[in-house]
Amino acid sequence: MVLDGPGTGGTGGDQLVPDTGEVQEGGGEMKDPVIELRSVSKFYGQVMGLNDVSLRFRQGITGLLGPNGAGKSTMLKLITGQIRPSKGSVQVLGEDPWDNPGVYMKMGYCPEQDAFFRDMTGLSFVSFCGRLSGMGREEAAGRALRTMEMVGMEEDMDRPISNYSKGMRQRVKMAQALVHDPLLIVLDEPLAGTDPIGRMKIIELLFELERKGKNIIISSHVLHEVERMTENIVLIDNGKLVAEGNIHAIRDSLDRFPLTIRVMTPDARVLAGRLTSLEEVKTLSIGENGELLVRTSDPNRFYNDLQDLVVEDSFHIESIDSPDDNLNAVFEYLVE
């Protein structure tokens with residue numbers, strides 16, 4: 001297994017929302033979670049990469065989020081078997097990934113850094129990675145061709161990698177992670193350097209892979225990108241697990257932080273007057289565009305009371321949303 005480059009794929013705070021769900025492969029139940037970390041710590045001399053982290057990754061797409069230096073890279077290296085934990089244990093598909101070719105064969109890894117044989121074409125490189133996983137020459141060539149088509153590189157796959165743009169190289173790294181049809185796909189900043197069209201193609205591909213029963217971990221510090229791909233997230237900061245689970249469930253659990261609800265209505269001032277009597281409403285204000293901004297400690301109760309007022313007084317409501325119910329807001333709340 002070549003762990004210092006993209007050929008790797010070819011070889012083969014407090015927890016707020018606990019994950020108790022079992023995962024499935026192709027519709028059948030799996031006995032073990034996709035990935036499980038048990039009291040894992042990793043030290044680099046006096047520097048702590050992870051600190052007593054326990055969590056389980058569920059089936060489907062999971063976003064691994066945190067600022068630079070949070071411990072994301074350390075966690076990915078532990079999951080992909082590049083390093084061993086100083087304390088605790090890591091299980092990937094029910095096995096210890098360290099020095100375990102059986103796990104590597106079921107895993108595809110797309111690293112953030114480039115590490116290519118730059119004189120090779122994209123197609124030949126992906127085919128080479130297929131050969132590393134034990135395929136014969138013809139099978140590797142056929143799979144490489146299909147995989148390059150999957151990532152939208154069919155028109156440029158015969159060009160030398162040295163002539164590729166950053167976005168093209170990113171898609172080649174994605175292809176080598178998929179060429180051996182892995183069950184688990186680990187992607188480190190997979191959208192970095194891609195143009196809007198290429199980004200959308202990658203996101204659509206990930207959705208398709210999820211529908212086929214693949215399990216995908218996406219590490220990123222760009223919150224809005226991950227939010228487009230999944231609602232299931234893991235947040236880490238300073239080497240510690242901050243939260244995990246459904247983004248909306250995590251936000252709902254933050255009782256000490258009132259939720260901001262934005263109501264677009266031509267009757268904003270009149271409606272605000274009616275809402276002042278509600279116990280769950282903490283503050284009211286009118287925004288720059290005339291929208292009514294409500295801070296509430298009990299969103300569910302507020303939505304029910306608002307519905308009653310709308311029916312009772314025939315208020316015209318154009319839209320209701322929450323600027324707080326997103327990854328960026330949740331992350332700021334949790335790490336402050």
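Is V90 buried or exposed? With a relative accessibility of 5%, V90 counts as buried (buried means under 20% relative accessible area, exposed over 50% and partly exposed in between, using a 1.4 Å probe and protein chains only). Before the close-ups, a word on the model: it is predicted, local features need pLDDT of at least 70, side-chain atom pairs count only at pLDDT 80 or more, and totals for chains, interfaces and linings use all residues. Residues are numbered from 1 along each chain as its sequence is written, and side-chain values use heavy atoms, with hydrogens and water left out.

View 1. V90 belongs to strand 6, residues 87-92 (helices, H or I of at least four residues, and strands, E of at least two, are DSSP runs numbered from the N terminus). Beyond its neighbours within four places in sequence, V90 is in contact with E36, L37, V40, L78, I79, P85, E95, D96 and P97 (contact means heavy atoms within 4.5 Å). R38 is 52 residues away along the chain, yet the C-alpha atoms of V90 and R38 are separated by 6.5 Å.

**View 2. The largest nonpolar core.** This core has 32 residues, and M148, V172, L187, L206 and I216 have the most contacts inside it (a nonpolar core is a set of buried Ala, Val, Leu, Ile, Met, Phe, Trp, Tyr and Cys residues joined through side-chain atoms within 4.5 Å). At least two residues of the core come from each of helix 3 (122-132), helix 4, helix 5 (166-178), strand 8 (184-188), helix 6 (196-211) and strand 9 (215-220). Helix 5 gives the most, with six residues. Apart from this core lies another, of 28 residues, including I35, V40, V53 and L184. If you zoom in on L206, you will find I61, L187, I216, I218 and M229 in contact with it, leaving aside neighbours within four places in sequence.

**View 3. Helix 4 against helix 5.** The two helices pack at an angle of about 135°, with their axes 9 Å apart (axes are lines fitted to C-alpha atoms, for helices over the stretch in contact, and angles run from 0 to 180 degrees between N-to-C directions). Helix 4 is therefore oblique to helix 5 (angles under 35 degrees count as roughly parallel, over 145 as roughly antiparallel, 65 to 115 as roughly perpendicular and the rest as oblique). T147, M148 and M150 in helix 4 meet V172, A175 and L178 in helix 5. By class, the residues of this contact are five nonpolar, one polar and no charged (Ala, Val, Leu, Ile, Met, Phe, Trp, Tyr, Cys and Pro count as nonpolar, Asp, Glu, Lys and Arg as charged, and the others, Gly among them, as polar). T147 sits in helix 4, residues 137-150, and is buried, because its relative accessible area is 4%. Not counting residues up to four places away in sequence, T147 touches A175, L178 and V179.

**View 4. Helix 3 and its cover.** The buried residues of helix 3 are G122, L123, F125, V126, S127, C129 and G130. Helix 4 and helix 5 are among the elements that cover them. After helix 3 comes G134, with a positive phi near 105°.

**View 5. Helix 9 against helix 10.** Helix 9 (residues 268-275) and helix 10 (residues 299-313) pack at an angle of about 120°, with axes 11 Å apart. Helix 9 is therefore oblique to helix 10. L271, R274 and L275 in helix 9 meet F302, L306, L309, E312 and D313 in helix 10. This contact has five nonpolar, no polar and three charged residues.
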